[in-house]
Amino acid sequence: AMTELEREGLLVSGGTSGRTVTENPQILEQLRDRTLEELARECAEKFMVFGITPTQAAELLLKLEKK
């Protein structure tokens with residue numbers, strides 16, 4: 001798992017000091033964007049089980065923001 005995280009650029013090898021989490025903003029933003037896209041897809045699939053379209057789901061989420 002650690003090697004995979006290092007391959008993705010999230011962990012940086014420090015030689016004898018071990019590995020640290022990257023501070024590279026581009027890598028962190030890419031990871032954030034990928035994670036949010038996956039979450040959105042999962043949510044859309046769950047809404048579709050109930051016959052809710054992505055547009056209807058967005059409207060429901062916007063209502064939550066107003067509360």
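Modeller: Buried, in what follows, means under 20% relative accessible area, exposed means over 50%, and partly exposed is what falls in between, with a 1.4 Å probe and protein chains only. This is a predicted model, in which local features need pLDDT of at least 70 and side-chain atom pairs count only at pLDDT 80 or more, while totals for chains, interfaces and linings use all residues. Residues are numbered from 1 along each chain as its sequence is written, and side-chain values use heavy atoms, with hydrogens and water left out.

Threonine 22 counts as buried because its relative accessibility is 7%. Leaving aside residues up to four places away in sequence, threonine 22 touches Gly9, Leu10, Val12, Ile27 and Leu28, where contact means heavy atoms within 4.5 Å. A polar atom of the threonine 22 side chain also lies 3.0 Å from the backbone nitrogen of asparagine 24.

Turning to the whole protein, 9% of its 67 residues count as buried. The secondary structure comes to three helices and two strands, in the order α-β-β-α-α from the N terminus on. The protein is more spread out than a compact globule, because its radius of gyration is 18 Å, well over the 11 Å that the globule rule gives for 67 residues; the radius is taken over C-alpha atoms, and the rule is 2.2 Å times the number of residues to the power 0.38. Along the principal axes, the C-alpha atoms fill a box of roughly 55 × 25 × 15 Å.

Glutamate 45 is found in helix H2 and counts as exposed because its relative accessibility is 53%; its C-alpha atom is separated by 28 Å from that of glutamate 4, 41 residues apart along the chain. Alanine 40, whose place is also in helix H2, is partly exposed, with a relative accessible area of 45%, and its C-alpha atom is separated by 16 Å from that of glutamate 29, 11 residues apart along the chain. Proline 54 belongs to helix H3 (residues 54–66) and is exposed, with a relative accessible area of 53%. The C-alpha atoms of proline 54 and alanine 40 are separated by 9.5 Å, the two residues being 14 residues apart along the chain.

Notes: Polar contact = N/O pair within 3.5 Å; in protein donor to acceptor, adjacent residues only side chain to side chain. Helix = DSSP H or I, 4+ residues; strand = E, 2+ residues; numbered from the N terminus.
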